[in-house]
Amino acid sequence: VKMAASISQHFEALKTRLDKVLHEKNKLNDVLEKVEQRTGIRRLYIALGIIAFLSLYLMIGYGADFLCNLIGFLYPAYASVKAIESRNKDDDTKWLTYWVVYSVFSLLEFFSDMCLFWIPLYWFLKCVFLVWCFLPVPWNGSHLIYYKFIRPFILRNQDRIDTALDEARDAVNEARGLAEDFVTDEFVRKNLGGSKHD
């Protein structure tokens with residue numbers, strides 16, 4: 001009973017916060033206001049209906065992978081551009097943290113793709129995860145994952161990672177030098193060798 005009351009309380013708090021966000025001044029809310037006036041349905045319920053439809057579509061719809069990746073990329077990319085253009089450094093850090101978590105998740109997803117394919121409702125669960133990672137709430141997923149897992153791992157292995165990156169850069173530079181030498185030698189050989197036969 002306590003758990004049900006707690007869940008109900010959290011859901012009501014989320015509805016109140018969502019309703020407040022839906023009354024902020026922006027173009028999306030202007031559209032929702034017009035729809036609300038024409039239909040007589042509160043914009044909160046319109047938004048909840050859209051969320052319910054998208055959730056259902058992510059569970060059973062064709063192209064759910066595209067929709068999931070669009071949701072996980074489009075808004076964060078837009079918010080990142082806004083953060084770059086603002087003078088506030090905190091929003092830059094917030095979105096950099098999201099993109100680090102997004103990158104690690106994408107890398108893990110790439111290597112475990114064959115297993116993930118068999119998880120029911122995978123695209124819905126992934127979308128919930130990505131939305132959790134970019135929600136502007138104190139329990140934001142990207143903040144939690146970064147500071148609990150990624151940051152400690154990087155700090156613990158930073159010297160080894162830097163050494164490996166330096167060695168990779170040196171190997172790339174050496175390969176580039178060899179390729180340039182080869183191209184130069186071939187150019188000289190063909191041009192000088194060709195002129196002797198004329």
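Modeller: This is a predicted model. The protein chain is split into domain 1 (1-61), domain 2 (63-134) and domain 3 (141-197).

Colleague: How many residues does each side bring to the contact between domain 1 and domain 2?

Modeller: Domain 1 supplies 6 residues and domain 2 supplies 8 residues. The centres of domain 1 and domain 2, taken over C-alpha atoms, are 21 Å apart.

Colleague: How is the size of such an interface expressed?

Modeller: The size of an interface is often quoted as the accessible area lost when the parts come together. Here, the area buried between domain 1 and domain 2 is about 660 Å². Carbon and sulfur atoms give 81% of that area.

Colleague: Which residues in domain 1 lose the most area to domain 2?

Modeller: They are Tyr-57, Leu-58 and Met-59, together 75% of what the domain 1 side buries.

Colleague: How do the residues on that side of domain 1 divide into nonpolar, polar and charged?

Modeller: The side of domain 1 that touches domain 2 has 4 nonpolar residues, 2 polar ones and no charged ones. Between domain 1 and domain 2 the count is 0 salt bridges.

Colleague: What is the general idea behind a salt bridge, and what is the count of salt bridges here?

Modeller: Side chains of opposite charge can pair when their charged atoms come close. In this model the count comes to 9 salt bridges.

Colleague: Which residue forms a salt bridge with Asp-166?

Modeller: Arg-169 does, and the closest N and O atoms of the pair are 3.3 Å apart. Asp-166 and Arg-169 both lie in helix H8 (residues 141-196). They are 3 residues apart, about one turn of the helix.

Colleague: What else does Arg-169 pair with?

Modeller: Arg-169 also forms a salt bridge with Asp-170, with the closest N and O atoms 3.8 Å apart.

Colleague: Which residue meets Glu-180 in a salt bridge?

Modeller: The partner of Glu-180 is Arg-176, at 3.6 Å from N to O. Glu-180 and Arg-176 both lie in helix H8, 4 residues apart, about one turn of the helix. Glu-180 is at 44% relative accessibility, so it counts as partly exposed. Arg-176 has a relative accessible area of 49% and is partly exposed. The cut-off for exposed is over 50%, so a value of 49% stays in the class in between.

Colleague: Then which class does Leu-165 belong to?

Modeller: Leu-165 counts as exposed because its relative accessibility is 54%. Its place is in helix H8. Leu-165 and Gly-141 are 24 residues apart in sequence, and their C-alpha atoms are 29 Å apart in space.

Colleague: How should I read separation along the chain against separation in space?

Modeller: Take the two numbers as a pair for each case. For Lys-34 and Leu-56, 22 residues apart along the chain, the C-alpha atoms are separated by 25 Å. For Ala-5 and Leu-44, 39 residues apart in sequence, the C-alpha to C-alpha distance is 22 Å.

Colleague: Where do Lys-34 and Ala-5 lie?

Modeller: Lys-34 is in helix H2 (residues 27-39). At 53% relative accessibility, Lys-34 counts as exposed. Ala-5 lies in helix H1 (residues 2-21), and at 46% relative accessibility Ala-5 counts as partly exposed.

Colleague: One backbone feature remains. What is the value of phi at Leu-121?

Modeller: Phi of Leu-121 is near 60 degrees, which is a positive value in a residue other than glycine. Leu-121 sits in the loop between helix H6 (113-116) and helix H7 (122-134). At 40% relative accessibility, Leu-121 counts as partly exposed.

Notes: Residues are numbered from 1 along each chain as its sequence is written. This is a predicted model: local features need pLDDT of at least 70, side-chain atom pairs count only at pLDDT 80 or more; totals for chains, interfaces and linings use all residues. Side-chain values use heavy atoms; hydrogens and water are left out. Domain bounds come from an automatic or database domain assignment. Contact means heavy atoms within 4.5 Å. Buried area is the accessible area (1.4 Å probe) that two parts lose on being put together, summed over both. A salt bridge is a side-chain nitrogen of Lys or Arg within 4 Å of a carboxyl oxygen of Asp or Glu. Ala, Val, Leu, Ile, Met, Phe, Trp, Tyr, Cys and Pro count as nonpolar, Asp, Glu, Lys and Arg as charged, and the others, Gly among them, as polar. Helices (H or I, at least four residues) and strands (E, at least two) are DSSP runs, numbered from the N terminus. Buried means under 20% relative accessible area, exposed over 50%, partly exposed in between (1.4 Å probe, protein chains only).
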